[in-house]
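Let's take a friendly walk through this protein together, stopping at a few residues and helices along the way. Have the viewer open and follow as we go.

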Amino acid sequence: MVRPSLSVRGRLLPFRLSRNYSSTRTIRENDILFLRQKGKFSPKWHLTEPLRPDRRVRLGYGASLNSSDIIGRSLLDVVLDSTGREVILHEPSMATYIINSARYATPIYPHDASTIVSLLDLNLSRPGEEDDADAPPFEIFEAGTGMGSLTLYLARALHAANPATTPSLRDALCTANYLPHEFGLELDAESQMAFDAYRSSRRAILHTLDRNSKHSRAAHKLIRQYRRALYFPTIDFHVGSIEEYITGRLAQTGNQPFLSHAILDLPSAHDNALHVIQALMPNGLLVLFKPSISQIGDFQTWAKRTNQPVRFEKVIELPVSTTADGVRDTGGGREWDVKTVTPKGADPDSQPVQVMRPKVGERVAGGGFVAVLRRYPSSQIPSEADNQIPEGDSVSEI
């Protein structure tokens, strides 16, 4: 009997190897799952903590599951909870993970975070594809970590540019305890040495900063637990002021700019933007996320008054979106209900009919405004006319 195989770039991989590329992978320790528990009228969804063999997963209706009964199974397997209800094992998408996680700050909702990342137009090569061994790392700065939702989306976009982590290091990052009085992980000496070596080899780094240590630590945990710390090593977390961090880095670089892009999610961005613009390399993008269009206008006024070497490229309005059942993000689209049903009270022999209509009454989320500015060399400070947002085309809606 011939074993099935998978063709990748002209090579046939045996079935045993091709399973690693499948979405029906085996569930492992420290995975996080999104469980669909059968209910009387509609299902109940539950986002688990990282799975550990000695822990139980609490569900609705007073039910629970042993994590040891889940580890080793495949996605979409059906198990029974302690009350006999069926539970389907799903893996949460990044959006689902974010909107169902505990939050200490208002998040940038997934569809908005995805839009902001797409505006940066990141196209980083993988290790070994370019002759850039001596090139400095590609660095992005995010001011306002908050919940960590945009941080996670940015880290995913940068992930492929970095070398792979070893399985042992990734497992250590998943299971390490937090230091009791410091902001960091309690790694053993060998793992700490491996982590330090990996950090020094990165080709793309995301720096995220928040003044609130509670927010930063919660975001640190959120990102570390997602997909067993898959994107965690790409990020450097900082707590403190923008001025303190940026001036310290500029002192290290001899006042030479080092940031490829920067994102400011702050109430008064112009109060903190001076140092960020100084650290932003020419042709780098500065992205502002604001709940009000007047805040974008205030920044534009400040940039023109102080002759900042930046030029507005676009200002867009982000649409509000809905979440299905309050737990699943729609990616910015409008949720519709499409199903085939037999009308109530109809004859038993009646043919089923299709129902197709937009859902109403779901949770509304997201929205706001995003401005994209480009950094120019200081010798080419844009004129007052260049810094004006074109009338009649000032705000785009997506």
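Is Leu-185 buried or exposed? Leu-185 is buried, with a relative accessible area of 11%; here buried means under 20% relative accessible area, exposed means over 50%, and partly exposed is in between, using a 1.4 Å probe and protein chains only. Before going further, please keep in mind that this is a predicted model, in which local features need pLDDT of at least 70 and side-chain atom pairs count only at pLDDT 80 or more, while totals for chains, interfaces and linings use all residues. Residues are numbered from 1 along each chain as its sequence is written, and side-chain values use heavy atoms, with hydrogens and water left out.

Back to Leu-185, which you will find in strand E11 (residues 185-186). Helices (H or I, at least four residues) and strands (E, at least two) are DSSP runs, numbered from the N terminus. Leaving aside neighbours within four places in sequence, Leu-185 is in contact (heavy atoms within 4.5 Å) with several residues, including Leu-173, Tyr-178, His-220, Arg-224 and Phe-232. If you look at Thr-175, 10 residues apart from Leu-185 along the chain, the two C-alpha atoms are separated by 9.4 Å.

A search of the whole structure finds seven aromatic pairs. Rings of Phe, Tyr and Trp (its six-membered ring) pair if their centres lie within 6.5 Å; planes under 30 degrees apart count as stacked, over 60 as edge-to-face and the rest as tilted. One of the pairs joins Phe-141 and Tyr-245, with 5.6 Å centre to centre and 10° between the planes, and it is stacked. This pair links distant parts of the chain: Phe-141 sits in strand E9 and Tyr-245 in helix H8 (residues 242-252), 104 residues apart. Phe-141 is buried at a relative accessible area of 0%, and Tyr-245 also counts as buried, at 12%.

Now turn to Phe-195 and Phe-232, whose ring centres are 6.4 Å apart with the planes at 15°, so this pair is stacked. Phe-195 belongs to helix H6 (residues 189-200), and Phe-232 lies in the loop between helix H7 (213-225) and strand E13 (235-239), 37 residues away. Phe-195 counts as buried at 10% relative accessibility, and Phe-232 is buried at 4%. Elsewhere, ring pairs link Tyr-97, Tyr-226 and Tyr-231 into a cluster.

The loop between H7 and E13 also holds Arg-227 and Ala-229. Arg-227 has a positive phi of about 50° although it is not a glycine, and Ala-229 has a positive phi as well, near 65°. What is the exposure of Arg-227? Arg-227 is partly exposed, with a relative accessible area of 29%, whereas Ala-229 is buried at 2%.

Let's return to E9 (residues 138-143), the strand that also holds Glu-142. Thr-145, in the loop between E9 and helix H4 (149-159), is buried at 4%. Not counting residues up to four places away in sequence, Thr-145 touches Thr-151, Thr-208, Leu-209, Asp-210 and Ala-219.

Helix H3 (residues 110-120) is mostly covered, with nine of its 11 residues buried, among them His-111, Asp-112 and Val-117. Just after H3, Asp-121 takes a positive phi of about 50°. In helix H10, the buried residues are Gln-295, Ile-296, Phe-299, Gln-300, Trp-302 and Ala-303. Seen down the axis of H10, these buried residues fall within an arc of 165°, so they line one face of the helix; the arc is that of the directions from the helix axis to the C-beta atoms. Just after H10, Asn-307 has a positive phi of about 55°.
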